[in-house]
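Here is a short report for a reader meeting this structure for the first time. Look at the chains, then read on.

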Amino acid sequence: MQQIQDQAPPSMVKDSRMVEADEEKLIKKELAALKEQVSTPTTSLKQMRECLVRLIYCEMLGYEASFGYIHAIKLAQQGSLMEKRVGYLAVSLFLNESHELLLLLVNTVLKDLQSTNLLEVCMALTVASQLFPPDMIPAVLPLVEEKLQHSKEIIRRKAVLALYKFYLLAPNQVQHIHDKFRKALCDRDPGVMAASLHIYLLLIKENPGGYKDLTSSFVTILKQVVGGKLAVDFNYHSVPAPWLQIQLLRILRLLGKDDQITSELMYDILDESLRRAEINHNITYAILFECIQTVYTIHPKVDLLEKAAKCNGKFILSPKNNLKYLGLKALSYVIQQDMNLVLQHQMTIIECLDHPDPIIKRETLELLYRITNAQNVAVIVQKMLDYLRQSKDEYITISLVGKVAELAEKYAPTNEWFIQTMNAVFSVGGDMIPADIPNNFLRLLAEGFDDEVEDKQLRLYAVNSYLALLEKNNIHYPQRFLQVMSWVLGEYSYLKTEAKAEDIIQSLHYLLGKCSASLETKAWIFSAITKLFRLTLNVKVLPEVLQNYGNSMDSCLRQCSFELKQLVEDKEIMNTVLPLDESCNDIVVDASLSFLDGFVADALGHGAAPYKPHHQRQEERLSQEKVLNFEPYGLSFATSPQISSVTGRQSPTGLSFNSEISCNSTEAGLKDSDSLKLDGVKKVWGKEGYLRKKKESKEETVASPNSESDVTADFTSTAEKTAGLSAEEQEKKLLASSLFVGLGSNNLVSLMGKNQSTTQKFRRKSKIVEGQNSYERTMSTQKAIAPPLAQIPNLMDNVLESCNPFQESKAMLLRKTASDSAEVPTEEPAQESDEAWNSSNNLKTIRAVPSASKESISGLFADGNFDIVQPGNCNSALVAHEPNSSLSPGLPVEFAEHSHSKFELVCANENIALFSCKVWKEDCLLIVLFFTNRSSIEVTNATVNFALTDELQACESTDFPFPLVESLATVKCQLCLQMMKPCARVLLTGHVTYHLETSQQTQEEFALALFLTDFIRPLKLTTEEFGHLWLSLSNDVKQNLSFTSDSPEALTVALRTLQQELKLHIVDIIGAEGIVACQLLPSTSCLLHCRFHAGILSVWLRSGCCVLPDCLLYECQKVIQKL
Amino acid sequence: MSLKGRHYPDSTMQFMLLFSRQGKLRLQKWYVPLSDKEKKKITRELVQTVLAHKLKMCSFLEWRDLKIVYKRYASLYFCCAIEDQDNELITIEIIHRYVELLSKYFGSVCELDIIFNFEKAYFILDEFLLGGEVQETSKKNVLKAIEQCDLLQEEAETPRSVLEEIGLT
């Protein structure tokens, strides 16, 4: 040691004070010498220790010394105590958890854990809890576990912490030790007990319900600590064990949240903690800070809340910046429960807004953000924008910009304000702005709100404001702002009737010419120009644009200008490709390229080789290399079996993977660039308005319309007190009144369990939004309000009697069932049976079906509002007709055991109604169709006829005659279907004809959407059979699906979900790979091979049919995306 | 770039840096796995930020998505990174307790003590904080653990150096 002190670092230290260049030279020289010394075999361990200390020093100075890493491990392994100590230290400083060299350390750690020398055990435990490869944990776990019983408390303590660390790295492996943690909690040594609290904090955070029984123990411990029962040694500035107290307060907070009984256990000790913390020292404030949070998190008790609020006042009013900051932080936590505290401290908050310290300012803004409501939004947003203009920090900008955009969307008082605020957001946020802000904004503009006129005004205002901005010369706008402007101008310029489109084109063209715009932005601008050409016949600028960009070096712009040329020449195509105000309509992309089928068939007919995927070609090449080909070459490929299937191939709609051809085709390419890019946009809006995340924050911020008077009252009182203050003070007060307006004293928010919500300025039109999430929501709403199966016709009937036109009646039915659901007595049993299917069958009732089925649903739920219409009437009518059960279609017993869908109304008029139900039988899809005569007279000669397309095949006749259907009776027919040609979705059409007594024959058309997944069944295979089949199948598709989860179980979860959603059969799961089999009815098998690696699920599908893998992959993709 | 690793709970300290007024790093301890490149970048950025921070302001800084808590003792800056929702005051006291431990061990510690005995400073830190969590809050216990090691080390060292001196090795 002496040696090191005298020789090594001092020389370096002395020299480190020299200029950088000299230092570098010196250290490099030193490193070279060290490198030589460590690799000399004669270097003793003691010398090695010295070398390593020097290496640590060099690394700290920023020089790389990786050549020494292995020697650090060696030293830890071979050295005696003090060398080992330095070796371990060097390892823990040099390497991180994922370093591969760590594997070499495992044995050393194992050996030292078994050592009889306490210090060696200590070192091993220390290094294990600092860094340990997660996959090696099982190797040392039993030894560490054993140490929990060690006689020395220091060993027990370190073992507990090592286990805590293991728990963080690999929770599953430590699961079985939970009981032993309890022992540690009761350890006689306070250090061991304190260490175990780390684990408990974590466990309780994950599962608060599981540890409620420990509450009284934690309370007792805290009582003893606060009461000074621990050794004086644990005191810190005469506060007993503050770290322990804080840890316990955090644990109690988690346990007492939303739990009155548990909370009651801790009231006393919290009261005591608040009382004890009187000494004016940082450490007591640190404890108080935790205490306040705990008091406000657990079930409220009035006098505790008052005391905590008073304590919080001490923080905020403190002249010390640190305390003031923490007070603000606590306050923004506390106001989630109680808005009134803000009113108490309003003047302080105003002062903090202009505080010289940025972090205090920032925390104040955070606080204001949480109390924003419709009345104070303008002032608060202004303050935030002011701050943003000064701040240069990227992280702060991103977070604040998001908040401003959120508040603006939520509470905007006027359209003008909204657009101007968003303009400020885009200019201030610059290029740091996250993509979801402009995307959400455009989406909001495009989708509009409930009010058409309002929508137009907002859009027009946006157009006007952007035109004004673009007129200003020499101002540099951020890229994203330019993109927003050009999109809006392209899309909505038509609203501004007084402006000439060509003028706008001119200014956009000018913008395009500026070099400040990035290529991406240029593409946006160009597409806006293209859109504007549909508004004008004046193509004066056109040649100039084409000339400038037709030969552009950038292929994208060149393509755009080429497209523009074509479109301008043909107005008709222009209008189909770029329709006015249709930006939110979905575009169906035929990604299977079925429109090329003719071309492909021709080519094949002329002897071209059929397409083989890349990996198949590779495999074939490999196999060809190995063996000689003894077979004669075929003459022509024209007879290849694949051709026939190619020509008739159906395009699964909306396949999400792109092929090169479809991207390059003019039309698809244009559409792509023109439509709003909504992929990857965070979903904030749903059918019922704002989705979860915002809802929460909405609940936090509350406005009460009648609370203004309270505020004013508050103000008059403060005003009296501080009467005669300077003008500056007056100004501050004015500001305060504008900031804290709408936060009344009667606004105890969730404290009393009452939530008021403000009306949102921009409430989206309720409409079915594309996407899995919203779809699920739709499904669940449907489930909730769906009338009991047996009753649909009944209800229908009743409603229909009062109002005839069919369109209305659908809505009526739903309105009524929705509003009456609580009163209908038969509702419950039906729902129960509904649940019974769910649980009894893995082919759940209705799976999330592809977007195509939206048609039926959006028709039914078109307006999403289920107002109560004539509730009295409907109710009585319903009750009156209840006994008449002949109308209720019920599934025949033999089908009820199979999984089946809900009843769906496929067609109805005033006299008859048709309902369908899908029964997923093992060998076919059975469509059961119910024909209900809802008139008061007989129906004669009714016939149901299905028209089958090529894709489908029925087992028997598709005509179903019903000679006579009595009044109010229901008859049924059934059709067994199999899918002959795979396609994602197919429409089963048909018509029903019937005679009413004397009248003419009436005909009604109907259509039913069927999906690929309706025809998929599990294929039960063994692994060997799978292997054989795999080799015999030739058509394959490979795709990598990204997968959010990265846990080891991810593959299993994914496969289980596939099994459940798509009815696939999991053959085997081997490590990170899984094999899955299914068949398409009648008998086309399809095999899947899934490999999970680093968040990517590679799916490889093979089938005898060439289209099936594509289609099925698409279904898999949808399922995985939902995960 | 977010530093938040998924293994790490909110209360854990992310890293601790000690540097001089001249911006020279004197001690670094990382509790989250980061590459050397990232470490260097963070260190450089942070040293600059902290040194530029005005004296009268809070001892807290917002930096990336973390909070930096720092305290200056003579010419040395002690600087910790914690999560946003953590308690900054207790972190300041952790720093202070560490300085107390160093003082007690070295007997009124100065920057040179840490430069010459930086490995000792690491040993003390490891006894006090383990994996970013407070391991032992009793000052006596921490120092006892260190002294035990030192003692044994000297015992082991003395005979050997004697032998060496005689030239028996």
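A residue counts as buried under 20% relative accessible area, as exposed over 50%, and as partly exposed in between. Lys180(A) has a relative accessible area of 29%, so Lys180(A) is partly exposed. The model is predicted.

**A salt bridge within chain A**

Lys180(A) pairs with Glu145(A) in a salt bridge, with the closest N and O atoms 2.9 Å apart. This pair links distant parts of the chain. Glu145(A) sits in helix α9 (residues 137-146) of chain A, and Lys180(A) in helix α12 (residues 178-185) of chain A, 35 residues apart. Glu145(A) is at 11% relative accessibility and therefore counts as buried. Side chains of opposite charge can pair when their charged atoms come close. Over all chains, the structure holds 39 salt bridges.

**Where the chains meet**

Chain A puts 78 residues in contact with 77 residues of chain B. Between them the two chains bury about 6,800 Å². Carbon and sulfur atoms account for 55% of that area. On the chain A side, Met60(A), Arg85(A) and Trp243(A) lose the most area to chain B. Together they make up 12% of what that side buries.

Polar groups meet here too. There are 29 residue pairs in polar contact across the interface of chain A and chain B. The count of salt bridges between chain A and chain B is seven.

One of the salt bridges in the structure joins Glu136(B) and Arg157(A), at 2.1 Å from N to O. Glu136(B) lies in the loop between β7 (133-134) and α5 (139-166) of chain B, while Arg157(A) lies in helix α10 (residues 153-169) of chain A, so the pair joins two chains.

Glu88(B) has salt bridges to Lys329(A) and to Lys67(B). The Lys67(B) pair links distant parts of the chain, with Lys67(B) in strand β4 (residues 66-73) and Glu88(B) in helix α2 (residues 88-106) of chain B, 21 residues apart. Both Lys67(B) and Glu88(B) are buried. Shared partners also join Arg157(A), Lys158(A), Glu127(B) and Glu136(B) into one network of salt bridges.

| Salt bridge | N to O distance |
|---|---|
| Glu145(A) and Lys180(A) | 2.9 Å |
| Glu136(B) and Arg157(A) | 2.1 Å |
| Lys329(A) and Glu88(B) | 2.8 Å |
| Lys67(B) and Glu88(B) | 3.7 Å |

**Chain B**

Chain B has five helices and seven strands. From the N terminus, its elements run β-β-α-β-β-β-α-α-α-β-β-α. Of its 169 residues, 62% are buried. Among contacts between residues at least 6 apart in sequence, 53% join residues at least 24 apart.

**Helices of chain A**

Helix α32 (residues 555-569) of chain A has 15 residues, which should span 21 Å at 1.5 Å a residue. The end C-alpha atoms are 21 Å apart, which agrees. In α32(A), Leu557(A), Cys560(A), Ser561(A), Glu563(A), Leu564(A), Leu567(A) and Val568(A) are buried. They cover an arc of only 160° around the axis, so they lie on the same side of α32(A). An α-helix has 3.6 residues a turn, so residues three or four places apart point the same way.

Helix α51 (residues 1108-1122) of chain A also has 15 residues. Its first and last C-alpha atoms are 22 Å apart, close to the 21 Å expected. α51(A) is mostly covered, with 13 of its 15 residues buried.

Methods. Residues are numbered from 1 along each chain as its sequence is written. Chains are lettered from A and ligands numbered from 1 in the order in which they are written. This is a predicted model: local features need pLDDT of at least 70, side-chain atom pairs count only at pLDDT 80 or more; totals for chains, interfaces and linings use all residues. Side-chain values use heavy atoms; hydrogens and water are left out. Helices (H or I, at least four residues) and strands (E, at least two) are DSSP runs, numbered from the N terminus. The expected span of a helix is 1.5 Å times one less than its number of residues. Buried means under 20% relative accessible area, exposed over 50%, partly exposed in between (1.4 Å probe, protein chains only). The arc is that of the directions from the helix axis to the C-beta atoms. Contact means heavy atoms within 4.5 Å. Buried area is the accessible area (1.4 Å probe) that two parts lose on being put together, summed over both. A salt bridge is a side-chain nitrogen of Lys or Arg within 4 Å of a carboxyl oxygen of Asp or Glu. A polar contact is a pair of N or O atoms within 3.5 Å; within protein, one must be able to donate a hydrogen and the other to accept it, and residues adjacent in sequence count only if both atoms are side-chain atoms.
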